[in-house]
Amino acid sequence: MENNSLYFNPEYECLSREEIEKLQLERLQATVRHCMNSPFYKKRFEEMNLKPEDIKTLADVRKLPFTTKQDLRDTYPFGIASVPLRQCVRLHSSSGTTGNPTVILHTKKDLDEWANQVARNLWMVGLRPDDVFQNSSGYGMFTGGLGFQYGAEKLGMLTVPAAAGNSLRQIKFITDFGTTALHAVPSYVTRLYEVMQANGVDPRKDTKLKVLAIGAEPHSEEQRQRIENMLGVKAYNSFGMSEMCGPGVGFECKEQNGLHFWEDYYIVEIVNPDTLEPVPDGEIGELVLTTLCREAMPLLRYRTRDLTRVLGRTCPCGRNHVRLDRMRGRSDDMIVLRGVNIFPIQIEKILMNFPELANNYLITLTTDEDNDNMTVEVELEELFTDDYQRLKDLEKRIKHDLKDEILLTPYVKLVPKGSLPVSEGKAVRVIDKRKVYQ
């Protein structure tokens with residue numbers, strides 16, 4: 001691949017819409033036939049009186065059964081596999097803290113295709129073989145580590161598999177190795193910047209950082225802009241999930257106008273999470289994905305529970321793969337408080353508009369005298385707790401803006417910077433204590 005090329009896989013990235021849909025139909029039909037090797041799907045098709053030859057058009061994807069996380073748990077560990085175990089070379093799984101973990105198997109070809117997807121994304125935002133890529137994700141069963149590792153290697157970059165945590169070591173690697181690109185969850189980027197500040201490291205002057213790949217937890221546009229301003233970089237939104245392979249499923253291009261979902265690898269649907277019917281472009285619904293190139297464990301119409309919307313199917317970057325909005329949260333993470341539906345990212349969006357506030361916040365739900373209440377604790381960027389009137393004025397403005405956004409008034413508690421728990425992985429943003437009263 002020539003360094004001056006805009007595309008890593010031009011033969012697929014630059015397909016027209018007609019060419020994309022033709023390829024999708026061919027791959028969908030092949031995938032459905034392959035799924036008949038899976039005991040799970042074979043039984044499901046028989047129950048629905050459905051045959052592979054019934055899939056004649058792309059619209060026929062709606063004839064196929066949905067697959068859910070519960071299906072993966074019920075068939076644990078290998079009941080959905082479409083190839084013998086001897087053909088698989090790796091598995092990844094969730095933690096399984098609430099029951100059986102979800103297990104995804106991969107063949108050698110699956111891993112090669114996954115690396116290709118990630119490399120395509122990183123190339124799209126301007127990274128090239130002479131860049132240095134540092135990965136601050138956990139390795140092991142979590143897909144963010146190995147997924148980005150193999151993709152960065154496929155592109156040809158020098159990789160720094162720093163893994164999660166140990167911020168001082170992360171910063172030393174960034175400065176000593178000339179790291180130009182970093183992968184991290186958004187909340188950890190904020191933590192890393194705070195440690196840089198505490199140790200006299202100016203990311204604009206003392207590092208060569210220019211690109212961040214951020215994902216794994218919902219974040220607002222306001223949070224992304226804060227990250228870019230703090231580090232002097234471009235931060236690109238990344239979407240992935242272990243059920244689809246891991247990172248690489250969707251990624252922003254340099255236009256930063258939505259996530260390109262690679263339709264040569266997936267069929268993308270947005271459905272109403274209650275009726276499971278498709279919603280019009282531009283309307284928020286649940287993301288449903290069907291794999292098109294997987295050997296070990298193809299998944300049909302997998303309900304991701306992530307909420308998003310279609311932004312368009314063309315882009316100034318020249319790619320015609322569907323563009324989706326950033327994830328608005330998950331249908332199963334929605335807070336229902338006094339009959340109002342609220343997503344944590346709505347609260348973050350408001351908080352990030354106040355320069356007096358730092359990035360860390362915590363939402364706590366309680367039941368007090370039979371009334372459900374929300375408390376939003378947020379750290380102050382600077383300590384001015386001795387100025388009572390200034391604190392009360394700030395608190396009043398925050399409450400006003402939150403009420404405009406979520407239609408109810410939460411309690412707001414302003415706390416000194418560093419008061420709230422910090423996670424090296426995905427940030428915990430909501431604690432629901434109402435359950436102890438139910």
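**Entry 1: a pair across the sequence**

I began with Arg 17 and Glu 263, whose side chains meet in a salt bridge at 2.5 Å, N to O; I call a salt bridge a side-chain nitrogen of Lys or Arg within 4 Å of a carboxyl oxygen of Asp or Glu. Arg 17 lies in helix 2 (residues 17-35) and Glu 263 in the loop between strand 9 (259-261) and strand 10 (266-271), so the pair ties together parts that are 246 residues apart in sequence. For helices (H or I, at least four residues) and strands (E, at least two) I took DSSP runs, numbered from the N terminus. Arg 17 counts as buried at 18% relative accessibility, and Glu 263 counts as buried at 5%; buried means under 20% relative accessible area, exposed over 50% and partly exposed in between, with a 1.4 Å probe and protein chains only.

I note for the record that this is a predicted model, in which local features need pLDDT of at least 70 and side-chain atom pairs count only at pLDDT 80 or more, while totals for chains, interfaces and linings use all residues. Residues are numbered from 1 along each chain as its sequence is written, and side-chain values use heavy atoms, with hydrogens and water left out.

**Entry 2: further salt bridges**

I next looked up Glu 243, which forms a salt bridge with Lys 69, the closest N and O atoms being 2.7 Å apart. Glu 243 lies in the loop between strand 7 (234-241) and strand 8 (246-252), and Lys 69 in helix 4 (residues 69-74), so this pair ties together parts that are 174 residues apart in sequence. Glu 243 counts as buried at 4% relative accessibility, whereas Lys 69 is partly exposed with a relative accessible area of 27%.

I then turned to Asp 325 and Arg 328, whose side chains meet in a salt bridge at 2.7 Å, N to O. Asp 325 is buried at 13% relative accessibility, while Arg 328 is partly exposed at 28%. I also found Glu 221, Arg 224, Glu 252 and Arg 326 linked in a network of salt bridges. By the rule given above, the count comes to 30 salt bridges.

Not counting residues up to four places away in sequence, Glu 379 touches Leu 357, Ala 358, Asn 360, Val 415, Pro 416, Lys 417, Gly 418, Ser 419 and Leu 420, a contact being heavy atoms within 4.5 Å.

**Entry 3: backbone points**

I checked the peptide bond that joins Tyr 76 and Pro 77, and it is cis, with omega about 0°; Pro 77 is in the loop between helix 4 and strand 1 (88-93).

Ala 163 has a phi near 65°, a positive value in a residue other than glycine; Ala 163 is found in the loop between strand 4 (158-160) and helix 7, and counts as partly exposed at 23% relative accessibility. Arg 305 has a positive phi of about 75° although it is not a glycine; Arg 305 lies in strand 12 (residues 302-308) and is partly exposed at 29%.

In helix 7 (residues 167-177) I looked up Asp 176, which is partly exposed with a relative accessible area of 48%. Asp 176 and Thr 207 are 31 residues apart in sequence and 8.7 Å apart in space, C-alpha to C-alpha.

**Entry 4: the whole chain**

With 438 residues, a compact globule would have a radius of gyration near 22 Å, and the chain has 23 Å, which agrees; the radius is taken over C-alpha atoms, and the globule rule is 2.2 Å times the number of residues to the power 0.38.

Buried residues make up 56% of the 438 residues. Among contacts between residues at least 6 apart in sequence, 65% join residues at least 24 apart. The chain exposes about 19400 Å², of which carbon and sulfur atoms supply 49%; these accessible areas come from the Shrake-Rupley method with a 1.4 Å probe.
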